[in-house]
Amino acid sequence: MDIKSMKNYLYWLYCQFELITCSYLMEPWEKLLFYTFNITMLVMLLYTAYIFVPVHVSMAFQFFLHLFGNQHENTVSVVK
Amino acid sequence: RQNILSPHGCKFLEAPHNRVTNSTKQDKNGISNGTLYKKTFIEHFEQAPMYVAVLTFLGFGVGTVFGYLRDFMRAWGLEKRNVATEREQQKDFVPLYQDFENFYTRNLYMRIRDNWNRPICSVPGPQFDLMERVTDDYNWTFRFTGRTIKNVINMGSYNYLGFAETDVNALKTVTIELQKYGTGICSTRQEMGTLDKHIELEKLVANFLGVEDAMVFGMGFATNSMNIPALVGKGCLILSDELNHTSLVLGARLSGATIRIFKHNNMQSLEKLLRDAIIYGQPRSRRAWRKIIILVEGIYSMEGSIVRLPEIVSLKKKYKAYLYLDEAHSIGAVGATGRGVVEYFGMSPDDVDVLMGTFTKSFGAAGGYIAGRKDLVDFLRTHSHSAVYATSMCPPVAEQIIRAMKCLMGLDGTTQGLQRVRQLGKNTRYFRRRLHEMGFIIYGNDDSPVVPLLLYMPGKIGAFARRMLEKNIGVVVVGFPATPITESRARFCVSAAHTREMLNTVLNALDELGDFLQLKYSRYSKSSHPELYEETRLELED
């Protein structure tokens, strides 16, 4: 019965979201508008994170490596 | 020249049994002088965690955005207009419907309007019947289905002693008087409207309260708003509590006196105002004030707090001011024999200059009274607007008050009155203790039968009231403008007529609903077995 309790828990979370953001009080078309806006913003946020976060993380990683004394591969090959 | 530090004022030592159990009480209501109180005075005004405030503002923000959207759609004709709008010919005039309260009413109140103005169709006893109503267009119009919802537990009526009853034996004298006098008076007190019933009732009220004389009026609100202008006028100073009822505010404004407001139940604020009034006098002429009157209530119905009467009386005696005490919710409901806050604190009624109260709450009738010294009441008989222009109380209602008061005083030969007062005290303490243990934030004094339970978020107001009705419990929820905008609450009124089973039903429903709606914000919930652990003591003297 894990699925059932999981579903109940998710429904309860959805109810909390509705109560906190006052969408419990909205008429159906307002709810549609509100959720469309929210889901669009969320999807855009996730997409931006998917595109930019790996690039930024690897740049930060290289910066910290450089800071702690490790030579970069390119400089070694130029000397050679 | 007065002394800056009086012997009273610098005593901040609290007796060990008068422990403050909640640290935020001092921030809100100032420090109390514990040595003036004969029993412990514990009040709770806990603040919710920060995330609750943030989420409340978020909810209001979303509501406001959608409010603007709907207003825009209504203005441009995309949606049918159900609200009041200006006429076409007056479009260029100063707009009538743009201020915040109208915005709030149109866009937020309308969405949850079905929780208020619910018509009931039985006596508002511990249980009542509701007419079922549904709405087809999101609360703009209602229609009745014709069915009634039976035996809904009543947690909203001010029926503190349970005198709102239809028992034939109890109402015997009322029916006799109804058949003898009819219902209408058709006159004012000063013309031909003073009946022997009024004289009997006034003597009884004076006897009950332990004062010289009393006068009764037909309407409780009008008692305040029509009598304060008779007592004070221009050149007088009114010091009124922040959270006073509208009737007191209206009476104060109508009188034309200068009004200054002190923080709720905060004696330091009141003392500062009194000192400034005496030192500086009237604003431009610097003359002494003709009268300084302090307006307070016995129990504040939105907060559930009890006035700090001993301290106010000592301040009033020191600075020679007058005290007007509005005991609308406290007469009959607190005190060992139901005689109000004066008895609750063990003080004498001679300390209070004007004792005012209403019969609507604890006596199951309608009307109000003003009691005090004989010369005060004689003055009001001639000079009050209510005596000159308002119809007097109708005889069956007066008889209901007489029988309720006789029952309370024990003059009908039974101990029923005292039993009711004791039952109310027991119910109040039980209800509050259980709610504290469950973890809700409850405001107010431990002995007040008015119990506000904080909801905070606007979405939860509607959800709470509707779900409680589904469980067959009727509650009153309050939001802006009766309360500050972020502190919406559900207000329970405990009654002596509630049995332990009814209270347990309500408490179980609240427990369930509290878990579902996440209303248990309290960080100080006490365990149900306090003797198993030692509480920390705040000892201020070694």
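Predicted model: local features only at pLDDT ≥ 70, side-chain atom pairs only at ≥ 80, totals over all residues.
For one contact, pick Leu130(B); its bridge partner in E3(B) is Ile149(B).

The three strands form an open sheet, in the order E2-E3-E13, with mixed pairing. Strand E2 (127-134) and strand E13 (473-474) of chain B are at the edges; each has a single partner strand, so one side of each has no neighbour in the sheet.

Next, go to the loop between E2 and E3 of chain B and select Asn139(B). Its phi is positive, about 75°, although Asn139(B) is not a glycine. Most residues other than glycine have a negative phi. Is Asn139(B) buried or exposed? Asn139(B) is buried, at a relative accessible area of 4%.

Move to chain A. Cys22(A) sits in the loop between H1 and helix H2 (28-67) of that chain. Here too the residue is not a glycine, yet Cys22(A) has a positive phi of about 60°. Its relative accessibility is 3%; that is under the 20% cut-off, so Cys22(A) counts as buried.

Step back to helix H1 of chain A, residues 2-20, and find Leu10(A). Leu10(A) counts as partly exposed, at 49% relative accessibility. Select Met6(A), Tyr9(A) and Leu13(A) along with Leu10(A): together they make a nonpolar surface patch of about 400 Å².

Last stop: residues 32-53 of chain A. An unreviewed UniProt entry annotates them as "transmembrane region". In the model this stretch is 100% helix and 0% strand, and its end C-alpha atoms are 31 Å apart.

Conventions
Residues numbered from 1 in each chain as written. Chains lettered and ligands numbered in written order. Heavy atoms only, no water. Pairing = 2+ DSSP bridges. Helix = DSSP H or I, 4+ residues; strand = E, 2+ residues; numbered from the N terminus. Patch = residues over 30% accessible without salt bridge, like charges linked within 9 Å, V, L, I, M, F, W, Y side chains within 5 Å. Areas by Shrake-Rupley, 256 points an atom, 1.4 Å probe, with all protein chains shown as cover. Salt bridge = Lys/Arg side-chain N within 4 Å of Asp/Glu carboxyl O. Buried < 20%, exposed > 50% of the residue type's maximum accessible area, 1.4 Å probe, protein only. UniProt positions renumbered as here; feature names shortened; annotations may be inferred.
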